[in-house]
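Morning, everyone. I will go through one model, starting with a sheet and the helix packed on that sheet, then some backbone details. Please have the structure open.

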Amino acid sequence: MSDIRTFGREPSRRNVLLGGLGVGAFALLSAAGCSNEGRGGVGAVSAAQNSSVLPKYIPYTGVPMDIKGTDGVPDTMLKYPASPKKATSGQPGDGEDVGVFVMTNTPAPPALEKNAYWQEMNERLGFGLSVALTPSGDYSDRFQTTVAGDRLPDIFAMFSGDIPGLPSLLEERAVDLTEHLSGDAVAKYPFLANIPTESWQSCVFNGKVFAVPVPRGPAQSGVMYARQDFFESQGIDPQVKSFEEFYDLCKELSGGNTWALGRVPLGFIRQMYEIPNGWSEDGGTLTSANLHERQEDALEAARRLVADGFVHPDGVTAAQPQRKTWLVNGTIRFLDDTFSAWPDFSNYPLGEGFRLAVVPPPRAEGGGTAGIHLGPAVQNITSISAKSADRVEALLDVINYLAAPFGTEEHLFKTYGIEGVHYELDGTDPVPTEKGRTEVQLGLKYVVEGPWVNFQAGDPSVAQAEHDAQTAVVPTAVKNPTSGLFSETASRKGGQIGGTLAAVETDILAGRKKVAAWRPAAEAWARSGGDKIRDEYQVALADRKKSQG
């Protein structure tokens with residue numbers, strides 16, 4: 001484990017809640033703080049799998065990648081293509097205004113009359129784009145209120161794992177897109193056809209395509225970051241070979257106004273103890289990771305880190321941007337996040353030589369490296385309102401336009417805005433200006449996007465390092481076998497029973513309860529609905545296998 005993998009968005013608030021592991025205030029499975037990333041994949045999707053309705057995958061080849069990803073690793077671009085070419089002709093839609101309801105994890109941008117990016121977007125689209133933005137932490141509640149008030153606009157995004165009875169809701173409130181997107185039909189919308197099949201599984205309910213996905217894949221996998229530049233300056237190797245080595249290193253790094261950890265990295269520790277990614281499968285039979293025999297070992301290990309003062313005392317209540325600030329200014333030395341986190345660090349005041357490394361989880365007792373938990377394929381999903389059914393093809397045309405692949409002129413504008421206003425060129429790379437960091441934040445990346453591409457404007461070494469790190473850990477990452485499946489009980493009761501279990505987890509980590517409290521709490525979780533969630537997932541899993549032949 002001598003090879004340090006350098007690279008980097010943020011693990012999301014992962015909903016145990018839907019039949020996975022409990023997440024208390026101290027802990028994080030592979031999910032975190034204030035970001036949207038990852039939420040759509042937890043318990044989100046198909047009530048009845050039918051591979052025959054999935055859109056055909058037709059990769060876009062108009063922009064050659066610098067490094068083509070293999071074995072699940074995303075493509076990588078070291079430099080943005082020079083003079084990107086338009087990939088569309090004319091304006092999308094039918095010329096009529098379009099309303100969008102979507103989440104955001106950044107401060108609200110300036111209003112249309114003060115926003116040059118928004119004005120230019122409307123000019124390019126040929127109609128007025130009305131965007132209703134809601135902070136991600138409030139989005140699910142606001143979504144339910146909007147549905148209850150029958151105020152869903154033309155296009156609306158969802159964290160599908162957060163919505164009770166989602167298939168029924170979509171049957172009533174969303175357009176069935178099957179005839180427009182299933183199989184070869186998707187070729188009419190080439191940028192949607194460019195989205196891999198795996199992500200579309202999260203959009204099929206009751207045998208129908210009801211949404212388009214925002215794909216993320218391995219970029220949402222949780223990893224442990226270390227301040228590579230600090231460790232090198234101190235002659236320390238952060239690539240530990242067991243939990244005890246990790247504990248000893250955290251002890252060495254903690255003292256005074258410095259702590260090893262920004263919060264309890266419980267997901268990282270559970271990976272060390274080879275606890276499954278939400279569920280494990282054996283011959284079609286599922287077992288919840290909540291009931292895994294090594295849960296108590298992982299909780300005891302995590303509890304020790306808290307009790308012995310290696311975790312920042314404000315780490316429980318701090319938002320992830322604050323923890324990132326601590327990592328940047330040297331207050332902490334490790335922080336768990338996702339592969340997609342790196343671009344966020346470019347918005348911080350990085351000192352000269354700032355570099356991150358990824359520390360793969362060692363097996364707890366030594367003897368090699370454990371697998372990381374593979375992130376969900378989908379960030380969130382987006383549907384078209386049933387009230388707008390008469391415009392479905394025009395609205396799909398708009399969604400297709402917004403899904404323009406990396407390296408196209410459309411993608412450059414959507415992501416970075418107007419040259420000289422929202423970004424400046426560093427060679428061929430678009431580097432955001434202060435105006436760009438505010439005006440461009442319309443939440444459009446949560447409406448739809450093409451496949452994730454590793455890229456860091458102005459610093460190809462970051463994209464290369466991210467590729468290298470993913471190449472080291474993604475091919476052996478542990479999948480969640482329920483990813484892309486739907487459980488009605490999970491959607492309706494998962495939050496309640498998961499929250500009860502999460503409270504026990506928090507009490508254990510804080511020292512208010514003994515580790516022995518976990519097992520009876522996990523068994524109570526199973527009796528209260530976890531077993532029913534398992535049964536529903538098993539039926540959906542069998543249906544998926546049958547449809548795939």
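This is a predicted model: local features need pLDDT of at least 70, side-chain atom pairs count only at pLDDT 80 or more; totals for chains, interfaces and linings use all residues.

Helices (H or I, at least four residues) and strands (E, at least two) are DSSP runs, numbered from the N terminus. Axes are lines fitted to C-alpha atoms, for helices over the stretch in contact, and angles run from 0 to 180 degrees between N-to-C directions.

Residues are numbered from 1 along each chain as its sequence is written, and side-chain values use heavy atoms, with hydrogens and water left out.

Now the sheet. Two strands pair if DSSP finds at least two bridges between them. The sheet is open, with four strands in the order β10-β13-β9-β14 and mixed pairing. Its edge strands, each pairing on one side only, are β10 at 259-261 and β14 at 356-359. On average, neighbouring strands are turned by 30° against each other, direction ignored. β9, residues 222-227, runs antiparallel to β14, and four bridges join the two. In one of these, Ala226 has Ala357 of β14 as its bridge partner.

Next, cysteines. How many disulfides does a search of the whole structure find? Zero, taking a disulfide as a pair of cysteine sulfur atoms within 2.5 Å. Cys203 is buried, at a relative accessible area of 0%, and Cys250 is also buried, at 0%. Buried means under 20% relative accessible area, exposed over 50%, partly exposed in between, with a 1.4 Å probe and protein chains only.

On to helix α17, residues 488-509. Its 22 residues reach 31 Å from first C-alpha to last, close to the 32 Å expected at 1.5 Å a residue; the expected span is 1.5 Å times one less than the number of residues. α17 has a kink of about 60° centred on Gly494, the bend being the angle between axes fitted to the seven residues ending there and the seven starting there. After α17 comes Gly511, with a positive phi near 85°.

Finally, two non-glycine residues with positive phi. Ser83, at about 45°, sits in the loop between β2 (75-76) and β3 (98-104) and is exposed, at 62%. Glu274, near 55°, is in the loop between α9 (266-272) and β11 (279-282) and is partly exposed, at 44%.
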